[in-house]
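Please look over the sequence and the structure below before reading on.

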Amino acid sequence: MILRVSRSALALNEAVQRFTDRVLRLLPFLIRSSPLKVVAVETTTECTRRCVYCPPHHSLDIPPLRMDWSVYRRIVGSLAGRGFHGQLWYGLYGESLLDDRLEELVRHARTRLPAARLCLFSNGDKLTKQRYISLRKSGLNAVFLSQHSPGSDPAAAQALSAIAGVPDAGFISWTDYHSLFYAQGNRLNILNNKGGLADVKRRPLSFCRDVRCTAVDCLGNVLLCNNDCTASYVFGNVLERDLCEIWDDPAFVAVRRQIIRGRWPFEICRRCAGGEGATTTPPQGPAARLPRAFHDFEQVMKSLGRP
């Protein structure tokens, strides 16, 4: 099934989130930490776009890197050991279709995680009927396409038209991020300012939902959330510790609990919750992936009595 996400559907989702936000302010005891349900993996940092709301490619010049197989196997192996039946997302700050190993990566995950839902996030620039069929045969469940330029994208539209005739086409959604969010001033509050590194204004919710998912960058770093594009808040590396052990670490749990409840221990959280646009100075200097934009991690963790 191919679903073109409409503005009305997004507006309804925004209204539901605002209503839920008001309820939680009145009844904060309803807020609960959730088990690990979503893991986003950055198999590549390369991309075909330079979107203004994606700092790594627009203003930070992220180097072209790929996740090593040893890192990926550690992620999947940890999840397999827990009988993971949530969602594994391919895509963080790179275009996953540029990774020619993607089918092999998906096959490995499908073999080890038979109950998981494997999802690809893509801008659609490299999507073809043949590539989609190949990924479906490898075990991919769903594709979430995002449009990042004004008007329709003829190449993506052509690919989707061809895919529509494929038997067992699976699920594909297509959302016009540029027109519905950026060009209209982000009135639906979907785009995030990445802690003030992206020139995107928004009206954030009172309670953060982003830390309910975990994100692992191409180097194996387990991040605070998927908005930490410079890996300033790293709670462990999967080559050194089991992913699920990192997620369940009391220090990480305590920080997530604070953030979920609307308390902002880190600078990135306060800038995100502030809702302003570009307020953080882009980091300078060399780094394996990107230099850190925020430098309060160690200090905050120490103040919380955490190692």
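The axes of helix H3 (residues 69-81) and helix H4 (residues 102-112) come within 9 Å and cross at roughly 25°. That angle makes H3 roughly parallel to H4, a term that covers angles under 35 degrees. This is a predicted model, in which local features need pLDDT of at least 70 and side-chain atom pairs count only at pLDDT 80 or more, while totals for chains, interfaces and linings use all residues. Residues are numbered from 1 along each chain as its sequence is written, and side-chain values use heavy atoms, with hydrogens and water left out.

**Terms for helices and strands**
- Helices (H or I, at least four residues) and strands (E, at least two) are DSSP runs, numbered from the N terminus.
- Axes are lines fitted to C-alpha atoms, for helices over the stretch in contact, and angles run from 0 to 180 degrees between N-to-C directions.

**H3 against H4**
- The crossing of H3 and H4 is right-handed, meaning that the near helix is turned clockwise from the far one by less than a right angle.
- On the H3 side, Trp 69, Tyr 72, Arg 73, Val 76, Gly 77 and Ala 80 make the contact, where contact means heavy atoms within 4.5 Å.
- Their partners in H4 are Glu 104, Leu 105, Val 106, His 108, Ala 109 and Arg 112.
- Seven residues of this H3 and H4 contact are nonpolar, two are polar and three are charged. Ala, Val, Leu, Ile, Met, Phe, Trp, Tyr, Cys and Pro count as nonpolar, Asp, Glu, Lys and Arg as charged, and the others, Gly among them, as polar.

**H4 against H5**
- H4 also packs with helix H5 (residues 129-138): their axes come within 8 Å and cross at roughly 20°.
- H4 and H5 are therefore roughly parallel to each other, and their crossing is right-handed.
- Leu 102, Glu 103, Val 106, Arg 107 and Arg 110 in H4 meet Arg 131, Ser 134, Leu 135 and Ser 138 in H5.
- The residues of the contact of H4 with H5 comprise three nonpolar, two polar and four charged.

- Ser 96 lies between strand E3 (87-90) and H4 and is buried at a relative accessible area of 1%; buried means under 20%.
- Its side chain reaches the backbone nitrogen of Gly 91 at 3.5 Å.
- Beyond four places in sequence, Ser 96 is in contact with residues including Thr 43, Thr 44, Leu 102 and Phe 121.

**The loop between H7 and E7**
- Asn 186 lies in the loop between helix H7 (177-182) and strand E7 (214-216), and is buried, with a relative accessible area of 4%.
- Polar atoms of the Asn 186 side chain lie 3.3 Å from the backbone nitrogen of Ile 190 and 2.9 Å from the backbone oxygen of Lys 201.
- Gly 195 is in the loop between H7 and E7 and is buried, with a relative accessible area of 0%.
- Leaving aside neighbours within four places in sequence, Gly 195 is in contact with Ile 268, Arg 271, Cys 272, Thr 280 and Phe 294.

**Gly 220, between E7 and E8**
- Gly 220 lies in the loop between E7 and strand E8 (221-223), and is buried at a relative accessible area of 0%.
- The C-alpha atoms of Gly 220 and Met 67 are separated by 7.6 Å, although the two are 153 residues apart along the chain.
- Not counting residues up to four places away in sequence, Gly 220 touches Val 71, Gly 236, Asn 237 and Val 238.

Key. Angles under 35 degrees count as roughly parallel, over 145 as roughly antiparallel, 65 to 115 as roughly perpendicular and the rest as oblique. Buried means under 20% relative accessible area, exposed over 50%, partly exposed in between (1.4 Å probe, protein chains only). A polar contact is a pair of N or O atoms within 3.5 Å; within protein, one must be able to donate a hydrogen and the other to accept it, and residues adjacent in sequence count only if both atoms are side-chain atoms.
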